[in-house]
Amino acid sequence: MIFYSDITVHSKLTIGVDDIGHDVKFFGATAGKYMLWDESANALVLPDATPISIGTGGGDLQIKHTGTNSEINNWTGDLYLTQNANNKDIIFQSDDNSGGVATYLALDGSTKTIEVSVPINVGVDNTGYDVKFFGATSGQYMLWDESADTLFVTGEIDAGSLDISGNVDVDGTTNLDAVDID
């Protein structure tokens, strides 16, 4: 049956019966753009570059696969990823370069920590960024200053051992409990 005018349904519309479904396809105004309920896959299927758009006007948040990459794009306000399950985590995983998948970053909800399981690079060689770690006391921090190529520490460095290769320049008082000069 083909209809060439609008159809309005004022009650529940059921297609198929439980455990015996049917494909249902909705076409868009552009060739190749559609949404398919694929009963054999039990999945909602959209072709490449067809976004799921959420928000007034259809464009505040979009999720799509471009044919090459998968994208989540937000154009209005902040983007929140919220884990509401008690003591559960948000886990970021990726290919581990050996045919498996590994966790690279986890936001641990039970310990309130960020766990990084791989080395962290800030910038690339010959193009760095400032990195600053704050302490519990106001004004105390450790700063890698990329423009000076220098590590600055306000406060003390407490180390069981400290090996320095190169020259040492001390501005201020030096207190040495024991000295061994080779």
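Okay, quick definition before anything else: when I say strand, I mean a DSSP run of E with at least two residues, numbered from the N terminus, while helices would be H or I runs of at least four. With that in hand, Asp149 sits in the loop between β11 (141–145) and β12 (150–153).

Housekeeping next. This is a predicted model, so to speak: local features need pLDDT of at least 70, side-chain atom pairs count only at pLDDT 80 or more, and totals for chains, interfaces and linings use all residues. Residues are numbered from 1 along each chain as its sequence is written, and side-chain values use heavy atoms, with hydrogens and water left out.

Back to Asp149. Its phi is near 50°, which is positive in a residue other than glycine. Is Asp149 buried or exposed? Asp149 is exposed, at a relative accessible area of 57%; the scheme calls under 20% buried, over 50% exposed and anything in between partly exposed, using a 1.4 Å probe and protein chains only.

There's a second case like that. Asn42 also has a positive phi, near 50°, and isn't glycine. You'll find Asn42 in the loop between β2 and β3, and Asn42 is exposed, with a relative accessible area of 60%.

So, that part of the fold. Three strands make an open sheet in the order β1-β2-β3, with antiparallel pairing; two strands pair if DSSP finds at least two bridges between them. β1 (24–27) and β3 (43–45) are at the edges with a single partner strand each, so one side of each has no neighbour in the sheet. The twist averages 10° from one strand to the next, where axes are lines fitted to C-alpha atoms, for helices over the stretch in contact, and angles run from 0 to 180 degrees between N-to-C directions. β2 (residues 34–38) and β3 share 3 bridges, and Trp37 stands opposite Leu44 in β3.

Now the charges over rings. Lys25 lies over the face of Tyr34, 4.1 Å from the ring centre. Lys132 lies over the face of Tyr141, at 4.1 Å from the ring centre. The criterion is NZ of Lys or CZ of Arg within 6 Å of the ring centre and within 35 degrees of the ring normal.

Over in β11 we have Trp144, which counts as partly exposed at 35% relative accessibility. What does Trp144 touch beyond four places away in sequence? Tyr129, Asp130, Val131, Asp149, Thr150 and Leu151, with contact meaning heavy atoms within 4.5 Å.

β4 (residues 52–54) and β5 pair antiparallel over 3 bridges, with Ile54 opposite Leu61 in β5. Their hairpin has 6 residues between the strands, and Gly55 there takes a positive phi near 120°. Then 5 bridges join β5 to β6 (residues 70–74), again antiparallel, and His65 stands opposite Ser70.

Gln62 is buried, with a relative accessible area of 16%. Its side chain makes a 3.1 Å polar contact with that of Ser53; that's a pair of N or O atoms within 3.5 Å, where within protein one must be able to donate a hydrogen and the other to accept it, and sequence-adjacent residues count only if both atoms are side-chain atoms. Gln62 also touches residues including Ile72 and Trp75.
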